[in-house]
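The sequence and structure are shown first.

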Amino acid sequence: MKHLKLFLVLFLLLIIEGSVMPVFLPDFQWKPIQMVPVFVFIFILFISFFLSRNLSLLYAIVFGFLTDMVYTSILGVYAFCMGLTAYLFSYLARLFHLNLFIILILTLLGISVFQFEVYMIYSLIGVTNQSFTDFLKWRLPATLLLNGVFIILFYYPFQRLLLKIDKSSD
Amino acid sequence: MPSFFSNKRLIVLLASIIVLGALIGYSIKERKQMSWPEQFAHDTVGLFQYIFNRPAHYVAGFFGTIQDIENTYKENKALKESLSDYARVKQENRDLKHDYQDLKKQMNLSNMPELSDFKKLHALVIGRSNDGWNQVVIVDKGENDGIKSDMAVVTSDGLVGKIGKVSKFTSEVILLTNMEQQNQISAMSNHVYGMVEGYDSKHGTLLFQKIPIKSKVKKGQIVTTSGYSQLFPSGLPIGKITRITTDPYGLTKIAQVQPSANFNDLNHVVIVERSARSAATDSGNK
């Protein structure tokens, strides 16, 4: 039951990322702004904050790999980066008392680290030739803005859902 | 965190880096066919993408319609101006076509399909790689509808890319803006031939390369496919030349081409199967 619920939410977010958001995102035609929704990764970070580390690692690898298969042509990059970042941040989260503000900062930091990792691997194998200044200037701020709004909107629903799942599994 | 870099964790990390390297090595070589886990994932996710993508388009389309109404007056005026020539051009076109068919019949060539003839397969874009680095979209037609790898994909404005890997019910389209799997398209502009390959992300232009140095290409000329590549028909518009430079060795010219299709707003696409036979399709049939 626990797995079914988490899987459904993550799958829904995966579909929204790829099939609904591109329709609604503003069209920055030929401007270098890149606004990238990473909702699946946000939920995985939330799992690592509120549920368990191993569960978040499992889902990071499964859904990272699904993202790789469906939306990209290179396998393994998202699975590796999501898994690594979620694992690291579950340790980092134990140092703080979690509230909305801390979660927001931690998640945005996590997204930056995650995007940076994917960027490094992709520029290494030539999927992108975006320069690092372009990455910092055009991609990161817009991405953090979009996902920051998403976190603020969905913090309480996600937290309630995860705490309920946590309680029912005890 | 004293215990964080324990031996066990480091070994797991190293092992996963090796696995990652192996997976990248496997997927970076050019593949026409997906492995069955990929096909399964593509087709299953594709179904849900279709279910969620259509309502999203209706909602977005509603707001788009309001904007359209505002533009109608302006567009109507422009269209009326261009329409005055239409009847004349249409008649001229009909006459020329008739003459052409007659001449062809005289030369006993009437059964040969033209390089520009093609069959159309309409498809809907149901998903898009959202990270901006992988320039890939997913369409709702696959192997079962007769889609094959490397077919040309166009919109009403012009060429947008080619089919990459194909699964049973969906297939992925590699856009012209993709960096990693670069499309090489034999193209021409006013009977000057070259290759469109590479994308300049800073200017948002495609690069029309290997143009003979003495050829006269000008700014504003339209670039189309030449039909001399294996699978693309001729005459699909690619874009307009905006700037011309020479290559670093001074042997050929390079033109920057502003693509005529809008890659950010893809909804309906047409997958093109050319009717003329080529070496590739012949060897494929045997």
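What is the volume of the second largest pocket? The second largest pocket has a volume of about 590 Å³. The model is predicted: local features need pLDDT of at least 70, side-chain atom pairs count only at pLDDT 80 or more, and totals for chains, interfaces and linings use all residues. Residues are numbered from 1 along each chain as its sequence is written, chains are lettered from A and ligands numbered from 1 in the order in which they are written, and side-chain values use heavy atoms, with hydrogens and water left out.

**Pocket and cavities**

On a 1 Å grid over the protein atoms alone, a pocket is an open set of points with protein on both sides within 12 Å along at least five of seven lines, whereas a cavity is a set where a 1.4 Å probe fits but cannot get out; lining residues have an atom within 4 Å of a point. Grid points are joined across faces, edges and corners, and a volume is the space filled by probe spheres set on the points.

Of the 22 residues lining the second largest pocket, A:Leu57, A:Leu84, B:Val12, B:Leu13 and B:Ser16 are the closest to its centre. Two or more lining residues come from each of α3 (53–71) and α4 (77–93) of chain A and α1 (7–28) of chain B; α1(B) gives the most, with nine residues. Helices (H or I, at least four residues) and strands (E, at least two) are DSSP runs, numbered from the N terminus.

The structure also holds three cavities of 30 Å³ or more. Nearest the centre of the largest cavity lie A:Glu17, A:Val38, A:Thr67, A:Tyr78 and B:Asn130, among 13 lining residues.

The table gives volumes and residue classes (nonpolar: Ala, Val, Leu, Ile, Met, Phe, Trp, Tyr, Cys and Pro; charged: Asp, Glu, Lys and Arg; polar: the others, Gly among them).

| Space | Volume | Lining by class |
|---|---|---|
| Second largest pocket | about 590 Å³ | 16 nonpolar, four polar, two charged residues |
| Largest cavity | about 70 Å³ | eight nonpolar, three polar, two charged residues |

**Interface between the chains**

In chain A, 47 residues are in contact (heavy atoms within 4.5 Å) with 50 residues of chain B. The buried area, which is the accessible area (1.4 Å probe) lost on putting two parts together, summed over both, is about 4300 Å², and carbon and sulfur atoms give 66% of that area. Between chain A and chain B there are zero salt bridges, a salt bridge being a side-chain nitrogen of Lys or Arg within 4 Å of a carboxyl oxygen of Asp or Glu.

**Salt bridges**

Over all chains, the count comes to eight salt bridges. One of them joins B:Lys165 and B:Glu38, with the closest N and O atoms 3.5 Å apart. B:Lys165 lies in strand β4 (residues 159–166) of chain B and B:Glu38 in helix α2 (residues 36–83) of chain B, so the pair ties together parts that are 127 residues apart in sequence.
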